[in-house]
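Come along and check each entry against the picture.

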Amino acid sequence: MRITDSVLRSFRVARTYRENSQKVNCVDFSPDGENAIASSDDDCIVLYNIREGKPERTLFSKKYGVDLIHYTHGDAQTVVYSSNKLDDTIRYMSLTDNKYIRYFPGHTARVIALSMSPVDDSFISGSLDQTIRIWDLRAPNCQGVTNPLGKPVCSFDPDGLIFAAGVESQAIKLYDLRAFDKGPFASFDMRFNRVCDWTGLKFSNDGKLILVSTNGGMIRVINAFNGSVLHTFSGYNNSKGVSLEACFTPDSQFVMIGSEDGRVHVWSTESGMKVAVLDGKHPGPINTLQFNPRFMTFASACSNMAFWLPCTDDA
């Protein structure tokens, strides 16, 4: 099934789970799409089986808290996540035996961005200490540091060769992973017409677009090669300045974001037109939203987790 306007308009919540007492701060699908994992502010890590459509296990990170949880490259049995309580160390954990494999110390303030390489065992992290660090899962020592001169959110491109940094909510800088120490090879200044913080960056799967999420009721899609602004999307509720996660669909044709009233808004990246508003009946703001990389489903979460499926028959 192709993702089209009409298919997106047909999506309905298939299952809702109330495994968490506080907000889900991050959700990630495994590379094969068979599993999902969610981290939340109540220090829980919940594993979901997508084929069976149910939660499988709950793990805990009571001491350190858990945020920005991601599956590692090509592996549904290990994850990397940041702390939101005790320290700023990143942790690499085995889900099979619930044990830490490695720690990645170095940041001196809260980590606000984590991005796994799509091609190997490297990953990058951005922190309120105004650095981006480059890591390898096989070694505890940082492989490199860049100072982008401001608070950075960051993301790998789909080829794992370039990473983008959104710096101080006003510029996007592109780095070659193999020569990051030389500084950015391109930089695009970009201001929104209202005051807001940039809360995330994502590349589209075709590598042509970059999506900038903010806490200010607007998101932006730019050309990844020349930095030109293609679309600015607004018209969704975010009056309280919540960090709402936006995402691309896997075919790069649509952008989705949740809102504080529990609805999901969808736009076409080609036309810029809004194509759907979906009611997830979330009691709180949809903090996190992810489309499955392999199957026709997506997840949205406040403190509840919802999995959506297309409904071909409205009867």
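Before anything else, I wrote down the words I would need: a residue is buried under 20% relative accessible area, exposed over 50%, and partly exposed in between. I also noted that the model is predicted.

**Entry 1: a leucine in a loop**

I started with Leu-128. Is Leu-128 buried, exposed or partly exposed? Its relative accessible area is 43%, so Leu-128 is partly exposed. I found Leu-128 in the loop that links β11 (122-127) to β12 (132-136). Setting aside residues within four places in sequence, I listed its contacts as Ala-109, Arg-110, Ile-112 and Lys-151. I then checked Leu-128 against Thr-16, which sits 112 residues away along the chain, and the two C-alpha atoms came out 34 Å apart.

**Entry 2: the whole chain**

Next I stepped back to look at the protein chain.

For charges, I recorded 32 positive and 35 negative side chains, with the centres of the two sets 3 Å apart.

**Entry 3: from β8 to β9**

Then I walked along the loop between β8 (90-94) and β9, where I found Asn-98. Asp-97 is in the loop between β8 and β9 as well.

I took Asp-97 to begin with. Its relative accessibility is 42%, so Asp-97 counts as partly exposed. Which side chain does the side chain of Asp-97 meet in a polar contact? I found Ser-94, at 2.9 Å. I also compared Asp-97 with Gln-77: they are 20 residues apart in sequence, and their C-alpha atoms are 9.4 Å apart in space.

With a relative accessible area of 37%, Asn-98 is partly exposed.

One step on, I reached Lys-99, which lies in strand β9 (residues 99-104). Lys-99 has 53% relative accessibility, so I put it down as exposed. Not counting residues up to four places away in sequence, Lys-99 touches Tyr-92, Met-93 and Ser-94. From Lys-99 to Thr-78 I noted 21 residues in sequence and 9.8 Å in space, C-alpha to C-alpha.

**Entry 4: a serine with a positive phi**

I turned to Ser-169, in the loop between β15 (162-167) and β16 (171-176). What is the phi of Ser-169 near? I wrote 55°, a positive value in a residue other than glycine. Ser-169 has a relative accessible area of 15%, so it is buried.

**Entry 5: two asparagines**

I looked up Asn-25 and found it in strand β2 (residues 24-29). Its relative accessibility is 14%, and because the cut-off for buried is under 20%, Asn-25 counts as buried. Its side chain makes a polar contact of 2.8 Å with the side chain of Asp-41. Leaving aside neighbours within four places in sequence, I counted among its contacts Ser-39, Val-66, Leu-68, Asn-84 and Thr-288.

My last stop was Asn-215, in the loop between β19 (209-214) and β20 (219-223). Is Asn-215 buried or exposed? At 17% relative accessibility, I marked Asn-215 as buried. Where does its side chain reach at 2.8 Å? I traced it to the backbone nitrogen of Asp-197. Beyond four places in sequence, the residues that Asn-215 touches include Cys-196, Thr-199, Asn-238, Gly-241 and Ser-243.

How values were computed: Residues are numbered from 1 along each chain as its sequence is written. This is a predicted model: local features need pLDDT of at least 70, side-chain atom pairs count only at pLDDT 80 or more; totals for chains, interfaces and linings use all residues. Side-chain values use heavy atoms; hydrogens and water are left out. Helices (H or I, at least four residues) and strands (E, at least two) are DSSP runs, numbered from the N terminus. Buried means under 20% relative accessible area, exposed over 50%, partly exposed in between (1.4 Å probe, protein chains only). A polar contact is a pair of N or O atoms within 3.5 Å; within protein, one must be able to donate a hydrogen and the other to accept it, and residues adjacent in sequence count only if both atoms are side-chain atoms. Contact means heavy atoms within 4.5 Å. Lys and Arg count as positive and Asp and Glu as negative; His and the chain ends are not counted. The place of a charge is taken as NZ of Lys, CZ of Arg, CG of Asp or CD of Glu.
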